[in-house]
Amino acid sequence: MPGASGVKELKEVNHNPSPCKRIREEFGVKEKKEMLIYLNGKLVQEEDAKISVFDHGLLYGDGIFEGIRIYNGKIFKLDEHIERLYNSAKAIMLEVPLNFYDMKNATIQTVRANELQDGYIRLIVTRGVGDLGLNPLKCKVPTLIIIANKVALYPESLYEKGLDVITASTRRNLSESVNPAIKSLNYLNNILAKIEANNSGFPEALLLNQEGFVSECTGENIFAVKNRMVMTPPVSAGVLDGITRNAIKELCSRLKLEFREINLTRYDIFNADEAFLSGTAAEIVPVVSLDRRIIGSGKPGEITKSIGREFRLLTHTDGVPVYE
Ligand SMILES: Cc1ncc(COP(=O)(O)O)c(C=O)c1O
């Protein structure tokens with residue numbers, strides 16, 4: 001039976017020839033209708049995955065999350081994502097209800113129960129149920145949700161043609177406020193920038209920080225390439241310490257490309273040879289213009305393409321196996 005946390009020891013599961021069915025049985029799930037969702041230690045049907053309207057994740061965006069990819073039956077950079085979840089939790093003084101090991105198991109089990117080979121996982125921890133006031137001390141038990149779903153791929157044309165990006169007038173949050181390094185449930189700042197892009201007919205917006213330096217796009221880190229040097233703003237410029245961004249750092253050394261974390265201005269992006277975005281969901285997306293200035297040839301660049309190829313290779317060879 002699952003323990004108090006609802007987490008089953010993985011080693012027991014490993015010996016079972018039908019781990020997906022076995023996991024469901026262990027959690028008392030009679031049948032898998034559509035999606036099974038991990039909610040506070042239980043695996044429940046999608047239609048039963050409901051939380052209180054007094055949950056402060058809903059009332060105040062008080063909580064944190066992670067978005068993780070499954071490639072070919074393996075969870076990509078799982079430890080790194082869980083580590084970032086705990087770092088976000090620490091910054092907002094939220095106690096994650098599971099330890100690292102149990103969180104990892106619960107994530108793997110949720111993927112298994114849903115029999116996914118390729119997909120997207122969302123880990124969410126909210127402050128939990130409180131009253132209508134914002135005091136987090138009133139929330140005694142955090143809410144933990146794990147959703148493992150099929151991945152919604154972006155259209156191929158996005159990667160072939162590249163993105164036209166516009167700079168938003170909305171600035172990235174100050175690090176002294178909600179630090180952009182925290183992957184919090186409060187994305188309104190990014191959403192406002194996305195609305196600006198939508199209103200102007202652009203698919204994506206770039207946010208600058210308070211000093212006018214480039215930070216990141218609404219859900220991706222940004223990179224400029226000049227003379228074979230790959231540059232991206234440092235975390236101190238107000239960016240999420242992206243896990244794809246860190247994978248690119250590794251890939252650059254393999255590809256013998258110089259990599260630098262450096263403050264960038266819009267001018268640096270306008271005049272770059274190439275630019276691209278990175279993120280778990282979008283992976284690596286070429287950027288072909290910023291504020292109607294064509295970047296380089298106006299087509300996805302060769303370095304961007306080679307980083308994209310290496311990244312795809314990495315995602316298919318690296319990762320925590322779900323079914324072994
Ligand atoms: C604001 C923001 N920046 C950057 C990223 C990219 O981070 P990662 O590569 O870890 O997905 C994300 C996506 O999670 C994001 O929401």
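This is a predicted model: local features need pLDDT of at least 70, side-chain atom pairs count only at pLDDT 80 or more; totals for chains, interfaces and linings use all residues.
Local features rest on pLDDT of at least 70 and side-chain atom pairs on pLDDT 80 or more, while totals for chains, interfaces and linings use all residues. Residues are numbered from 1 along each chain as its sequence is written.

An open sheet is formed by 7 strands in the order S2-S1-S6-S5-S3-S4-S16, with antiparallel pairing. Strands here are DSSP runs of E, at least two residues long, and helices are runs of H or I of at least four residues, numbered from the N terminus; two strands pair if DSSP finds at least two bridges between them. At the edges, S2 (42-45) and S16 (320-321) each pair on one side only. Further in, S1 (residues 36-39) meets S6 (residues 143-149) over 2 bridges in the antiparallel sense, and Leu-39 has Ile-145 of S6 as its bridge partner.

Arg-24 sits in helix H2 (residues 19-26). This residue counts as buried because 21 other C-beta atoms lie within 10 Å, the cut-offs being 20 or more for buried, 12 or fewer for exposed and partly exposed in between, with C-beta atoms placed from the backbone. Beyond neighbours within four places in sequence, Arg-24 contacts Val-29, Lys-32, Leu-43 and Ala-113, where contact means C-beta atoms, placed from the backbone, within 7 Å.

Around the ligand there are 14 residues, of which Leu-240, Gly-242, Ile-243, Thr-244 and Thr-280 come nearest; a residue is near if its C-beta atom, placed from the backbone, lies within 6 Å. Helix H8 (243-254) and strand S13 (274-279) each give two or more residues to this shell, and H8 gives the most, with 3.

Definitions and conventions. Two residues are in contact if their C-beta atoms, placed from the backbone, lie within 7 Å.
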